[in-house]
Structures are given as structure tokens and as C-alpha cells.
Amino acid sequence: MKKNRKASAAAALVLLLSLCACSGGQGAVSSEAPAAASSQESVPASSEAAEPASGAPAPEDISGDISWLMRSNPFENEWEQQTVIPKFQETYKNVKVNMIIVPQDQVDPKLLSMQAAGTPPDVFSMWGDSGFMDYYNKDLLLELSSYIDRDINKEEFIDGIFDIYAVDGHYFHVPQVSNFSQMIVYNKTLFGEAGLPDLPTKWNDPEWTWEKMVDYARQLTKNTGAGADAQYGLLLPTSDPHLMLYQFGLDPFPEEAYRAGVMDKTNFDDPAIVETLQKWADLIYVEKIHPTPADQKALEQMGPLFKTGKVAMTTSLPTQAYGNFKDCPFEWGLAPMPAGAPGKARGILYNGAYFISKGSKSPEAAWALIKYMLTPEAAKDMCELTGFLVPLRAQMDGWFAQMSEATGMSAGQVEEAVTGYPKQESGENINHIFCGYNELRNTYVQGLDPLWLGSATAQEAISGFIGDLNSTAARIKADTAAQ
């Protein structure tokens, strides 16, 4: 049975070969990535909570105490505690929701310790360092297909969103949020002061390249190394090097990893990857247009780095940019990832999911909470209070308008920038689809630290950790096969 389960999980990820979504069943899933629906495609949805579907128990007949495991985040936790739970319990009066809030890096340890103790959280999401593939292979997830068939109209959701984590047509999740792709967030005020134009909103615009980004960063950098008086043109995610390597048509992980969630070895020692990482490090120590780790710590004393106005360009998910930057004291905007090689810009998608633990003692009550959070009313609350988008068709235009108000971009520009990533070349981020992601990531992040600290070249740093990383990858593959 374990071997069959593993084979099914691997088959669920075949769709990643085309890198257009994160996983799919054996031939049962569309080959297109979830696409944003226009207002013309919107399915009318009532703002009222739907009546129970045939066979669904009435709210007054559902009872129980349920636990909801979430990461600590001020605006998310405020939404959960002050909006979701009170409104949910207005209808489901016999259900008590107990929040369990831990730092993001403690979500997975807490989840596993609760599972081991026989008291798993009833509801949880991919807020930690692991994702669907790990949870599925550890047999933590309750199948939700019958609940979805009974209570959910999938036509009200963005195309393909339910199939991302489907396994042979079976559902162990429901969509939580669509964050679209990692993007460039930039300080439009600083750009204007430097006489630079707004960044393009079209992906793979031939004018928006790595070289152009670096050129702009040079013009936006002032007083390098001067502490609070410094201004840097660029800040890139050194803890997630794959995000930028993808834009050069490079991949530190083999095809097998995207197909099956496991791998025998990685590609970090590919000479082209070594060269590109060195080029990145040279932005810090040669060009000096990117802050050093020490510079970052100094500037962070003033607050979140981008909000200080001391960094002109960085990366973010558009939904998180809204929550983090909507009250910035300057004008900001969104742009596609720049292409490191012609036509190579690639979206890195982050589609969230709600899960119910297989060991939940109150699955009907847990399902009621999830079902409520997918209603138009709850989706609107989540959008307005956190910036996250529940992937309902009817929410799209409102979310574009909300982002337009926050950025000063037109709603059409927001839509083009956010949804225009190349569908066939884009895929779900690796934290959702790799087994043992956190262990792999810790190995290469720590291994690359000397590069970002300026104490080693890319070749020296990678030579120092590649053996351990490949051994870890092979062990995870063997351990996963044995589960």
C-alpha cells in the first residue's frame, strides 16, 4: 500500500514537467496553469452564506472543538481572530475554534508534534517550510473529495485551481489563496527622483532584463556602506537562489524533483549556475549596489527594509506586498521578474491550500470552517484585511482595484503584471512540491552563506556543500520511498 501511495503522489506531479502548475493526477488535470478570470467570466455569487447542499448537515447540527494551526503574522492573526472566527460562530454556534499560533519556522515542528501526540490540528495550511508533497507522503491529510462534491461549486473558482494538488482525481485540499508569482516591487518615488521611468508590466518585455535592472540599480544607489544614510538599488532573496536562477533559464534541481518530489542529486555545481551566483554576489561586493548582510541588519533597525525607502527594488508576492507595503510613505509598484536571458523570465507560483488532518476528531466542524472561508463574504474580508486573494472568480476585479489603489497603477496594469507570467514556463514553488524541502534548503542556504558574506567565491562555497547536499537529497529519496 505504501508503494502504491507513493506512486500516486509522484504521478500527481507529472504536470510539473511543463512547469505550469504544481501537480496533477494521471492525465486528469488541465495542462494550463490556473489563469485569472476576467469580469466577463465571473460566475455570479451571492454575498450570503449558501444554504446547506443536499446531504450537508445544518449549521445548528454541527458541533465540536476544533484547532486551527496558523503562523504568527500581525495582520493575518487579526483577520483570523477578530473577523473569521466571530463571523463563523454567528452561524456555527456549536463549534468552538481554538487558534494555535506559532512563528513560521515552528509551524511544521508543531504540526508533527501534535500529530505524534494524537491531537493533530483540525485545520492547517502550508504556512511552514513544508508543503503538500511532504504532508501527503506522511499520510497526514484527510481526503476531501466527498465534501467538495457535496458543498462546493468549483465553477466559481479560477480555472484549474482545484486540480493543482489533486492525486488521480482525488482531493486532499481546497484552495486557500492564490498569490500568483514572485515579482519585483519597486519604489516609484525613488525612480521618479532619479529620472527613471516606471518599470514595464508585461512579462518578457525585451527592455526589461537583468542588465537593465542592474543599470537602474546603479543609478539608484547612494552612500554605500553609510548606515542609515545609504540607499541601495537592489535587494534580492539570497535565501532562495533558485528564484533568480530560473530567470536565466537555469535550475539547481533536476527534472526528476519536479516530477516525483525527490531527486538523486542537485545541479548547484553546474558551471553556469556557479557563474550566475558569482555575478549576483558581485552586485554586493564589486558593484556595491546591493546591501551586504551587515548593511541589511543596520537598515532593518529602522523598520522593514523596503518600507524604509532605502532599497529601490526587491522581490515579493503581490498579495504579501499589499499587506506589507500598503501604508508605505512613498509610491510603489509591481513589475515582472527580469529576464536574465532572452525570453527566460519565469513565474514562481505560490498557491495556498487548506487541509484537514486525517486524525481530526471533528472533521465536519473543521470542514464548516474551511467552507465558510471560501464564501464571498469571507473572501472579501480576507482580501481587504490581508491582501490575500481567495481564488474566486468574483473576487478578481475587486482585488485588482484594491491593488490599484495601493500602488497607483491602473487596475489593467496590475492585472497584466500579476497574471501575465508565461504559463508554460512557470511552476509552483519548490517548498510546496519537494519532499524534505526544509532540510535541503537549510543545507544550501548555510552553504552559500560564505558567498553572501564575501568570504568565499561561488565555486568555493558550492564545493564546500555540494557533497552534503547531494547525500541529503539521495537520503530523502530513499526515506520517502520507504514511507
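A charge sits over a ring if NZ of Lys or CZ of Arg is within 6 Å of the ring centre and within 35 degrees of the ring normal. With that in mind, let's walk through this predicted model.

**Stop one: charges over rings.** Select lysine 423 and tyrosine 421. The lysine lies over the face of the tyrosine, 4.3 Å from the ring centre. Next, pick arginine 346 and tyrosine 246: here the charged end of the arginine sits over the tyrosine ring, 3.5 Å from its centre.

Searching the whole structure turns up 30 aromatic pairs. One of them joins phenylalanine 253 and tyrosine 444, a tilted pair with 6.0 Å centre to centre and 55° between the planes. Now follow the chain: phenylalanine 253 is in the loop between helix H8 (242-245) and helix H9 (255-260), while tyrosine 444 belongs to helix H17 (residues 437-453), so the pair ties together parts 191 residues apart in sequence. Are these two buried or exposed? Phenylalanine 253 counts as buried, at 3% relative accessibility, and tyrosine 444 is buried too, at 1%.

**Stop three: another tilted pair.** Select phenylalanine 306 and phenylalanine 325, with 4.8 Å centre to centre and 55° between the planes. Phenylalanine 306 lies in the loop between helix H11 (293-300) and strand S6 (313-316), and phenylalanine 325 in helix H12 (residues 318-325), so this pair links parts 19 residues apart in sequence. Phenylalanine 306 is buried, with a relative accessible area of 5%; phenylalanine 325 is buried at 9%.

**Last stop: a cluster.** Finally, select Phe124, Phe132, Tyr135, Tyr136, Tyr165, Phe172 and Phe355, which form one aromatic cluster.

Conventions:
Residues are numbered from 1 along each chain as its sequence is written. This is a predicted model: local features need pLDDT of at least 70, side-chain atom pairs count only at pLDDT 80 or more; totals for chains, interfaces and linings use all residues. Side-chain values use heavy atoms; hydrogens and water are left out. Rings of Phe, Tyr and Trp (its six-membered ring) pair if their centres lie within 6.5 Å; planes under 30 degrees apart count as stacked, over 60 as edge-to-face and the rest as tilted. Helices (H or I, at least four residues) and strands (E, at least two) are DSSP runs, numbered from the N terminus. Buried means under 20% relative accessible area, exposed over 50%, partly exposed in between (1.4 Å probe, protein chains only).
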